[in-house]
Protein chains: 2
Amino acid sequence: MPKIVDPDERRREVAEAVFRVVARDGLAQVSLRTVAAEAGLAIGSVRHYCGSYDELMALAFQTLVDAVDERFAVHRGRLGETASGSPERRRLVEDMLAEFLPLDEQRHRETAVWLAFSGAARTDGNLTPYVRRMSEGMRMVVRRILEGCVRSGRTPELDLALETDRLCALLDGLALTVITAPSAISPARTLAVLRRHLDTLAI
Amino acid sequence: MPKIVDPDERRREVAEAVFRVVARDGLAQVSLRTVAAEAGLAIGSVRHYCGSYDELMALAFQTLVDAVDERFAVHRGRLGETASGSPERRRLVEDMLAEFLPLDEQRHRETAVWLAFSGAARTDGNLTPYVRRMSEGMRMVVRRILEGCVRSGRTPELDLALETDRLCALLDGLALTVITAPSAISPARTLAVLRRHLDTLAI
DNA sequence: CCTTTAATAGCACGATCTTGCCAAAAAGAA
DNA sequence: TTCTTTTTGGCAAGATCGTGCTATTAAAGG
């Protein structure tokens, strides 16, 4: 038998190569050739593990969604352990929501890729499920956080669904601005805007 | 001499063909051939008026920015005429800000194109000035509106710069969500979120 | 009518892309 | 060592793209 390779690990490596190309050169520059070169593999190897171009795209998006999901599972657990009204709660909420913002290099890259894929998904039906999952995952987290606030009795009159939509839109908008018009808002300011919004919600 | 054609009018027509292709099939499907077909022209004609591919892209983006600018000039004028604290002011502010949201088909298409171009501009230096102008134009409008609120004395303690960033982010986020994940939020709900935000600002 | 010239149409070249297909390499199993 | 099978590498076909360049068309001015 030949050199033993873990297929899933290989696929993950290729997906990360896709991320690097998208983040650096844009989605338009992604091709089997550029990705293979970025991953240090032959084009044949990439196709062996990841299939056609469309399948590679789906794999990359899937990998992105999984990575984000995994990071959130950690925060979700911590949120469950922390009392709704406690002083550390606010800090934890800030940290969780800041996960959606491109404040460091890793999240910046992640957000840029997410934005590119979301744009592509609008006219590529194969990718829409991933956008959906990503969007619903974020909505779930935000809603759960706001639910905690209502339960703690600090903001009992909150329109939960509406405020979820509003906070989600704010987070998406901040991310979009940092990625596409970084000169308009600095990372520090991004966080300040989020804090201000949480203040008005009395969280 | 040949058939007389207004070059600027032709360029506008070609730009609109670009918009249709981007909105319908995505930016990846834009090429001199597809745009020429969409415009009902020969590829040679398109090149005659719009130059190379890169110039065509810049022209299309420029046309988009101009169109949005023009629509806003009207509102800006009306805003100046209306007293800061008057009852119709709130209505006017809502209408102006709703111009940033993809609530009807025209604005939906416009927003989809804007999003696609903004994404492309991240790795295409030729397009960044247009993103910048668009972003700054919106910021200017939002800031002026909020300034009016402060001057009217209803919200004197408002942190103008911060609230401008926050409202801009909200608008961008709403637009992004409607375009990329329409199942997450309906047009009516989008407007409800904007109204809620204006309520909290006491506008 | 005829000339002139903007406008239109399109060929052809080189580059890039995906994909079907096949051969070479490599390493555990016999 | 030899067989077997996964892994790897790559060729060639078919398609699409931008662009340089040329030819044709058509209408206003003489």
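Buried residues account for 36% of the 203 residues of chain A. The model is predicted, and chain A contains nine helices and zero strands. Chains A and B are related by a rotation of 180 degrees with 0.0 Å of shift along the axis, which is the relation of a two-fold axis.

**Fold of chain A**

- In sequence order, the secondary structure of chain A reads α-α-α-α-α-α-α-α-α.
- The C-alpha trace of chain A extends over about 65 × 40 × 30 Å along its principal axes.

**Regions annotated in UniProt**

- An unreviewed UniProt entry assigns the feature "domain: HTH tetR-type" to residues 8-68 of chain A.
- In the model, residues 8-68 of chain A are 82% helix and 0% strand, with 18 Å between the end C-alpha atoms.
- The annotation "DNA-binding region", from an unreviewed UniProt entry, covers residues 31-50 of chain A.
- Residues 31-50 of chain A are 80% helix and 0% strand, and their end C-alpha atoms lie 13 Å apart.

**Nonpolar core**

- The largest nonpolar core comprises 114 residues.
- Within this core, the residues with the most contacts are A:Val18, B:Val18 and B:Val22.
- When neighbours within four places in sequence are set aside, the contacts of A:Val18 are A:Val30, A:Val35, A:Leu56 and A:Ala60.

**Symmetry of the two chains**

- In general, a rotation about an axis and a shift along it relate two copies of a chain.
- Here, the rotation of 180 degrees superposes chain B on chain A with an RMSD of 0.1 Å.
- B:Gly173 is the residue of chain B that comes closest to the rotation axis, its C-alpha lying at 1.8 Å.

**Interface between chains A and B**

- Contacts between the chains involve 39 residues of chain B and 39 residues of chain A.
- On the side of chain B that touches chain A, at least two residues each come from α6 (105-121), α7 (128-151), α8 (160-180) and α9 (187-200) of chain B.
- The most is given by α8(B), with 13 residues on that side.
- The side of chain B that touches chain A is made up of 19 nonpolar, 11 polar and nine charged residues.
- Of the interface residues of chain B, 100% are also interface residues in chain A, so the copies meet through the same surface.

**Helix α6 of chain B**

- Helix α6(B) has 17 residues and reaches 24 Å from its first C-alpha to its last, close to the 24 Å expected at 1.5 Å a residue.
- Because 13 of its 17 residues are buried, α6(B) is largely enclosed by the rest of the structure.

**B:Ala161 in helix α8 of chain B**

- B:Ala161 is located in helix α8 of chain B.
- With 13 other C-beta atoms within 10 Å, B:Ala161 is partly exposed.
- B:Ala161 and B:Arg143 are separated by 18 residues in sequence, and their C-alpha atoms are 7.6 Å apart in space.

Conventions
Residues numbered from 1 in each chain as written. Chains lettered and ligands numbered in written order. Predicted model: local features only at pLDDT ≥ 70, side-chain atom pairs only at ≥ 80, totals over all residues. Least-squares fit on C-alpha atoms with pLDDT ≥ 70 in both. Contact = placed C-beta atoms within 7 Å. Helix = DSSP H or I, 4+ residues; strand = E, 2+ residues; numbered from the N terminus. Nonpolar A, V, L, I, M, F, W, Y, C, P; charged D, E, K, R; others polar. UniProt positions renumbered as here; feature names shortened; annotations may be inferred. Core = buried A, V, L, I, M, F, W, Y, C linked by C-beta atoms within 7 Å. Buried ≥ 20, exposed ≤ 12 C-beta atoms within 10 Å, placed from the backbone. Expected span 1.5 Å × (residues − 1).
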